Amino acid sequence: MQLGVIGLGRMGQIVVDRTLEAGHDVVAFDLDAEAVATAADAGAEPAESIADLTDRLGDDKRIWLMVPAGEAVDATLEELESHLGGDDVVVDGGNSYFEDSVRRAASCPAAYLDCGTSGGPAGAELGFSLMVGGPEWAYDELTPVFDAVATGPDGHEHMGPAGSGHYVKMIHNGVEYALMQTYGEGFELLHEGRYDLDLESVASVWNNGAVIRSWLLELCEEAFREEGNDLGTVADRIEGGSTGTWTVQEALEQEVPLPLIYTALSERFGSRADDGRFSRRLANRLRYGFGRHEVPRRD
């Protein structure tokens with residue numbers, strides 16, 4: 001299969017690399033010429049523009065967008081519009097709001113797949129978890145690429161109609177907020193509690209057979225190993241919050257109580273007003289672990 005990839009940041013480059021490793025052809029474009037050169041070094045065919053990329057793809061275009069959610073997606077689709085037809089497929093692999101995906105699917109001349117993508121930079125080695133919404137025929141058509149980019153055939157699934165993939169990913173992120181908050185509070189009590197504990201050792205033993213073992217707990221172990229038992233200079237400031245906000249807004253509209261996710265979101269916003277909670281500092285460092293997001297530091 002031939003795949004066009006637009007957007008060659010950390011996640012987009014992983015899409016390129018894993019697709020190439022599976023034996024498919026890739027045409028790659030990004031506004032950053034260095035990113036295009038990196039993709040070309042990996043074996044992709046470089047494109048000089050979006051128009052050039054579509055020309056190189058020929059008939060039945062399959063295009064994966066990995067650009068920032070919001071205006072960048074709309075701008076890219078607008079530029080693509082005149083080059084697309086009903087037999088083409090566009091995948092939006094970013095963290096778009098699901099209602100935006102529904103709107104885009106209705107106006108896009110190609111079949112539009114909203115693809116919730118989880119796994120962060122670790123996906124370079126392991127593959128991503130992909131939650132896909134949109135026409136089922138288009139999902140089936142892209143299955144060879146989804147197999148390559150995901151952890152394998154079990155790492156992706158068709159969720160339903162337009163918007164459902166990003167909807168599932170939105171709620172996934174809300175759950176992630178609550179899990180990070182829970183681990184943070186538990187380790188804060190251990191840190192402030194009555195015993196002098198090695199928190200890296202605690203995280204390690206919990207992650208070997210305990211009920212609460214998880215990848216996030218592995219990242220807790222990594223954080224204590226690299227930052228120290230007191231998390232060193234990691235600040236009590238947790239960035240991000242858009243997907244958690246969307247999750248809480250949807251819960252309010254559907255009248256579904258989400259006290260844990262709401263509290264985790266509130267703690268995240270509260271972290272920007274003061275600097276003292278160990279749980280928030282661990283959540284800050286965990287965002288680096290799974291997404292390589294910048295870690296705010298204390299002076």
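K169 is buried, at a relative accessible area of 5%, where buried stands for under 20% relative accessible area, exposed for over 50% and partly exposed for anything in between (1.4 Å probe, protein chains only). The model is a predicted one, so local features need pLDDT of at least 70 and side-chain atom pairs count only at pLDDT 80 or more, while totals for chains, interfaces and linings use all residues. Residues are numbered from 1 along each chain as its sequence is written, and side-chain values use heavy atoms, with hydrogens and water left out.

K169 sits in helix 9 (residues 164-192); helices here are DSSP runs of H or I with at least four residues, strands are runs of E with at least two, and both are numbered from the N terminus. Setting aside neighbours within four places in sequence, K169 is in contact with N95, G116, T117, S118 and M131, contact being heavy atoms within 4.5 Å. The side chains of K169 and N95 are also joined by a polar contact of 3.1 Å. That term covers a pair of N or O atoms within 3.5 Å; within protein, one has to be able to donate a hydrogen and the other to accept it, and residues adjacent in sequence count only if both atoms are side-chain atoms.

Helix 9 holds E176 too, and E176 is buried at 16%. The unreviewed UniProt entry gives K169 and E176 the annotation "active site"; such annotations may be inferred rather than shown by experiment, feature names are shortened, and positions follow the numbering used here.

N95 turns up again in the UniProt "binding site" feature (unreviewed entry), along with G7, L8, G9, R10, M11, G12, V67, P68 and A69. G7 lies in the loop between strand 1 (2-6) and helix 1 (10-21) and is buried at 6% relative accessibility. Not counting residues up to four places away in sequence, G7 touches G12, F29, D30, M66 and V67.

Turning to helix packing, helix 11 (residues 215-227) and helix 14 (residues 278-291) meet at about 105°, axes 9 Å apart. Axes are lines fitted to C-alpha atoms, for helices over the stretch in contact, and angles run from 0 to 180 degrees between N-to-C directions. The two helices are therefore roughly perpendicular, the word for 65 to 115 degrees; under 35 is roughly parallel, over 145 roughly antiparallel and the rest oblique. Among the residues in this contact are W215 and F224 of helix 11 and F278 and R285 of helix 14.
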